[in-house]
Amino acid sequence: MNNNSTRDILLDAAKRQFIKNGFDSVSMMDITKESGMSRRTLYSYFKSKADIYNAAVKRETDLVVLKLRNLIAAGTPAPQKMLDYVYGRFSVIKDMVDRNGTLRSFFFRNNWNLEHFRKELDRQEKQILIDIIVEGVNLGFFEVSNINLIVEMIQDGMRGFEYTYIRGIIWKTATHDDIRAIARKLLFSMLGYKETN
């Protein structure tokens, strides 16, 4: 067995345990039993429960970032890239939360830990947004004087709607098309983009 597959088996086992029992209730022994590996093997890859948890979160984050990057097709004009990204992002995040079972309650309940574990996801998302906006500015689509500020505002806005989107609450007050139209108008206004009919 090569190193990657052993590590992946351990991470998969840890993830199943964390989803089923929650972080606080899982021990390193539980992970070894779930994986069918020895404690020695587990400890040769991970020093602690927090270490394996962080690795599992990083692997999930890397998967989410890959999906986010796939939302923006090469050759698509910057305004459409921005819309594709924002519209698709909520589905990617919802899928991540739904796939991770009881981690869903962790996602909504523990804001401090959520901030800690989302730093890398947020950093990479910020770079994706910067790349789209810089491209749009360079090609004359967008008029933005402070790209970092606009990116912060867009990112904070999207994060603010995650809970209502994932729980389906937002659909109680408006249709999908209504929300998309408002988001489009708001985004394009922030980016100084004027659509031509």
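A: Thr-32 is in contact with Met-37, Ser-38, Arg-39 and Leu-42, once its neighbours within four places in sequence are left aside; contact means heavy atoms within 4.5 Å. The model is predicted, with local features needing pLDDT of at least 70 and side-chain atom pairs counting only at pLDDT 80 or more, while totals for chains, interfaces and linings use all residues. Residues are numbered from 1 along each chain as its sequence is written, and side-chain values use heavy atoms, with hydrogens and water left out.

Thr-32 belongs to helix α2, residues 28-35. Helices (H or I, at least four residues) and strands (E, at least two) are DSSP runs, numbered from the N terminus. Thr-32 has a relative accessible area of 4%, which means that it is buried. Buried stands for under 20% relative accessible area, exposed for over 50%, and partly exposed for what lies in between (1.4 Å probe, protein chains only).

One of the residues that Thr-32 touches is Met-37. Met-37 sits in the loop between α2 and α3 (39-45), and Met-37 counts as buried because its relative accessible area is 18%. The C-alpha atom of Met-37 is separated by 7.8 Å from that of Leu-10, although the two residues are 27 apart along the chain.

Gln-17 is found in helix α1, residues 3-21. With a relative accessible area of 6%, Gln-17 is buried. Not counting residues up to four places away in sequence, Gln-17 touches Gly-22, Val-26, Asp-30 and Glu-34.

The next topic is the rings. A pair of aromatic rings is described by the distance of the centres and the angle of the planes. Rings of Phe, Tyr and Trp (its six-membered ring) pair if their centres lie within 6.5 Å; planes under 30 degrees apart count as stacked, over 60 as edge-to-face and the rest as tilted. The whole structure contains seven aromatic pairs. One of them joins Tyr-45 and Phe-46, whose centres are 6.4 Å apart and whose planes are at 40 degrees, so this pair is tilted. Tyr-45 is partly exposed at 25% relative accessibility, whereas Phe-46 is buried at 1%.

Phe-141 and Tyr-193 form an edge-to-face pair, 6.2 Å centre to centre and with 65 degrees between the planes. Phe-141 lies in the loop between α7 (111-138) and α8 (147-167) and Tyr-193 in the segment after α9 (176-190), so their pair ties together parts that are 52 residues apart in sequence. Phe-141 is partly exposed, at 28% relative accessibility. Ring pairs link Phe-141, Phe-142, Phe-188 and Tyr-193 into a cluster.

Charged side chains can also be placed relative to rings. A charge sits over a ring if NZ of Lys or CZ of Arg is within 6 Å of the ring centre and within 35 degrees of the ring normal. Lys-49 lies over the face of Phe-23, 4.4 Å from the ring centre. Arg-89 lies over the face of Phe-90, 5.6 Å from the ring centre.
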